[in-house]
Amino acid sequence: MTLTSTGTRQQINVRVANVTKKFDDVVAVDNLTLEITGGEFLSLLGPSGCGKTTTLRMLGGFEEPSAGSIYFGDRDVTNLPPHQRDVNTVFQSYALFPHLSVTDNIAFGLRRKGVSKSEAKLRVDEMLTLVDLEGRGERKPHQLSGGQQQRVALARALVNKPQLLLLDEPMSALDAKLRKTMQLELKRIQSQVGITFLYVTHDQEEAMTMSDRIVVMNRGRIEGLGSPRDVYEQPSTEFVATFLGASNLVAATLERGTGDVALAHHAHGTFRSPAHRLPPGLTGAVKCGVRPEKIQIRALGDRVAADENSLTGRVLISTFMGVGNQYVVAAPQGEEFVVYAQNSGQTHAPRSGEEVLLTWPVEHSFVVQPSGDQSPEGESS
Amino acid sequence: MEREVRWYSYRFVSGTRRRERLVSRLAPYLLGLPAIVWLAVFFLIPLALMLVKALQECNPATGVCVMTWHWSSLSDAWTNSSTIIFRSVTYAAIATVIDLVLSFPIAYWIAFYAGRRKNFFLIMLLVPFFVSFVIRTVIWKFLLSSDGLVVHSLQALHLVSSDYQILGTTGAVIAGLAYNFLPFTALPLYVSLERLNPALLEASHDLYAGRITTFRRVVLPLCAPGIFAAFLLTFIPAFGDYVNQQVLGGFGNTMVGTVIQNLFLVNNDFSAGSALSVIVMGISLIGIVIYGRLLGSKSIGDFV
């Protein structure tokens, strides 16, 4: 199953340059600069109200930036209306035309571009195969399930082979199981057609599963940008560390050493962290963190390896979750550390009240800029 | 399991239980009874009487009617009034089209751009219609008369000659009809536009359709039931109307409503009046049947 003409299509980069969008006095997008590489799957991830959908709508032409420019390749498209842009959108509500059949829905864009009826029919059939809806062309949208409607919406956008495909939380109406299937499906389709995807979501798992790169947004700004692994393992701000997965964070003072290890002094000691991972320009008051699954929970008095950070504490809560155990451990100064231990059947599971030793490799330690009062809001599970 | 239990209880219900069940099954009908009686007494019976009267011969002097089964009264009514019926259809159709053209932008604007003040603008649209229909039309008579505001202004601007007349013309009748029945067009249009998901318009723009194409390919087809409902709700009362023609019209533009009124109240010819009414009703029914056939009978209820 291949698409006949997508392979030859020249991929261009899309550039968002210093774009700001204000609604009355509310700044939805704040001086955003972003380069989307041709052919990549990029996700805009963030809580509701972080400006991700507004960014998507500006790329689609549904909103005009208050300041800044948007370029497709070298072409400035900032003030171009949607119907003159080589962009298509999969809307959150799908927005399928209820009065048209599946085929006519998918052919809508092609017909407007002047593609002949017979040619459009061929390309629609090709699309129906791609999204696994062969033989459903004559149905009306309301005769399809939610998942099928979503695939029609995708086909209706993809059939036009746009330079950029925008997807505005397209899975939010699907149930969890279907969502998992569709994530893999969408990734497959994207690699098959080779079109640049910009995917807006507040679901971190969705973003991580599918994306080549993730942009984490908060309050109209970019807080983190990179491959899912990089953004997760080396969060650049406190917001990213807590919004994307969970993090244990302690306030600390940063001391940049000359070697490859930086020191973060905190209330009950010092955590070491790889120096090459420090966000540039970071000094003074910082937060030092580690992911719950990177911590090993061990018996008090165990030997700590040279390349490990360590901390002693008392288990407050021990929760069995099937695939693993989750512990809340109180450090001497009262900070609570969440520890996640895989249920591999080998480790000893401490009970509540037990004194334990927490260790983790230095390389899994990270240092971030504190976000101040800008704690993540909204869905972060 | 649940099914078995149900079956069991069904077979062994006691007498009182069974009675309760009967009452709860009849409840909707009992609740509907007053409305059914009301409709029967004040709507169905007069309707039947009208059909009966059309087949009777009535003495204009005494008002006594005898059943003659003369179906020819219907064909006579048609022969005598077909010109006037066609004229009425034409006037009503023109007035309705004018209303559609006038109300569509208003309804569109209120539905998509009025924001939180939607209800305010809807009420503004309806305020003039809180005044009695006849009084409104009589006021129009003052406005349109030869020494009234409109003709005077036009003459002052040298747009028309000094003997120019509006009152009494066909134009005045049609304008009056269009004015009086405007809400019947605007409201169903508003309802159907209000329901239109704005994301569909964005989707259309996203798929390379400009404003005009979007209107033609998305807005119009999705509003078709509303447009048709608006057409019927305006056309039917305009077709049977007799006030506008009597107040604003003159010779040569008599409408069928006026003829029926005269047959009943001036000529005392109940038989001919009823026969003509039956024909008018038949024509209106044809419109409703076409609507049902084209757009389904379910959607008409949404707009009435």
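Author: A residue is called buried when its relative accessible area is under 20%, exposed when it is over 50%, and partly exposed in between, using a 1.4 Å probe and the protein chains only. This is a predicted model, where local features need pLDDT of at least 70, side-chain atom pairs count only at pLDDT 80 or more, and totals for chains, interfaces and linings use all residues. Residues are numbered from 1 along each chain as its sequence is written, chains are lettered from A and ligands numbered from 1 in the order in which they are written, and side-chain values use heavy atoms, leaving out hydrogens and water.

Reader: Thanks! How many helices and strands does chain A have?

Author: Helices (H or I, at least four residues) and strands (E, at least two) are DSSP runs, numbered from the N terminus. The C-alpha trace of chain A spans about 75 × 45 × 40 Å along its principal axes. Within that span, chain A has 8 helices and 20 strands.

Reader: Where in chain A is confidence highest?

Author: Confidence is given as pLDDT, the predictor's score for each residue, from 0 to 100. Chain A averages 88, and 94% of the residues score at least 70. Strand 12 (residues 261–266) of chain A has the lowest confidence, with a mean of 84. The highest, at 96, belongs to strand 3 (residues 41–45) of chain A.

Reader: For residues 374–381 of chain A, how many contacts beyond four places in sequence does the model have?

Author: A contact means heavy atoms within 4.5 Å. Residues 1–8 of chain A stay under 50 in pLDDT, and the model has 13 contacts beyond four places in sequence for them. Over residues 374–381 of chain A pLDDT also stays under 50, and here the number of such contacts is 16.

Reader: What share of the 381 residues in chain A is buried?

Author: Among contacts in chain A with a separation of 6 or more, 68% join residues 24 or more positions apart. Chain A exposes about 16,900 Å², of which carbon and sulfur atoms supply 47%, with areas from the Shrake-Rupley method with a 1.4 Å probe and, for residues, only the protein chains shown counted as cover. The buried share of the 381 residues is 51%.

Reader: How many residues apart in sequence are the parts that Glu40(A) and Arg213(A) tie together?

Author: A salt bridge is a side-chain nitrogen of Lys or Arg within 4 Å of a carboxyl oxygen of Asp or Glu. Glu40(A) is buried at 8% relative accessibility, while Arg213(A) is partly exposed at 21%. Their side chains meet in a salt bridge, 2.8 Å from N to O. Glu40(A) lies in the loop between strand 2 (26–36) and strand 3 of chain A and Arg213(A) in strand 9 (residues 213–218) of chain A, so the sequence separation of the parts they tie together is 173 residues.

Reader: Which residue of chain A does Glu202(B) meet in a salt bridge?

Author: Over all chains, the structure holds 18 salt bridges. In one of them, at 2.6 Å from N to O, the side chain of Glu202(B) meets that of Arg57(A). This pair crosses between chains, from helix 9 (residues 198–206) of chain B, which holds Glu202(B), to helix 1 (residues 52–60) of chain A, which holds Arg57(A).

Reader: Is Asp203(A) buried or exposed?

Author: The side chains of Asp203(A) and Arg179(A) meet in a salt bridge of 3.5 Å, N to O. Arg179(A) lies in helix 5 (residues 176–193) of chain A and Asp203(A) in the loop between strand 8 (196–201) and helix 6 (204–210) of chain A, so the pair ties together parts 24 residues apart in sequence. Arg179(A) is partly exposed, at 22%. Asp203(A), because its relative accessibility is 17%, counts as buried.

Reader: What distance separates the C-alpha atoms of Tyr71(A) and Arg15(A)?

Author: Tyr71(A) sits in strand 4 (residues 67–72) of chain A. Beyond four places in sequence, the contacts of Tyr71(A) include Asn13(A), Val14(A) and Arg15(A). Tyr71(A) and Arg15(A) are 56 residues apart along the chain, and their C-alpha atoms are separated by 5.0 Å.

Reader: Moving to chain B, is Thr96(B) buried or exposed?

Author: Thr96(B) belongs to helix 3 (residues 72–113) of chain B. Leaving out residues up to four places away in sequence, Thr96(B) touches Phe231(B), Thr234(B) and Phe235(B). Because its relative accessibility is 0%, Thr96(B) counts as buried.
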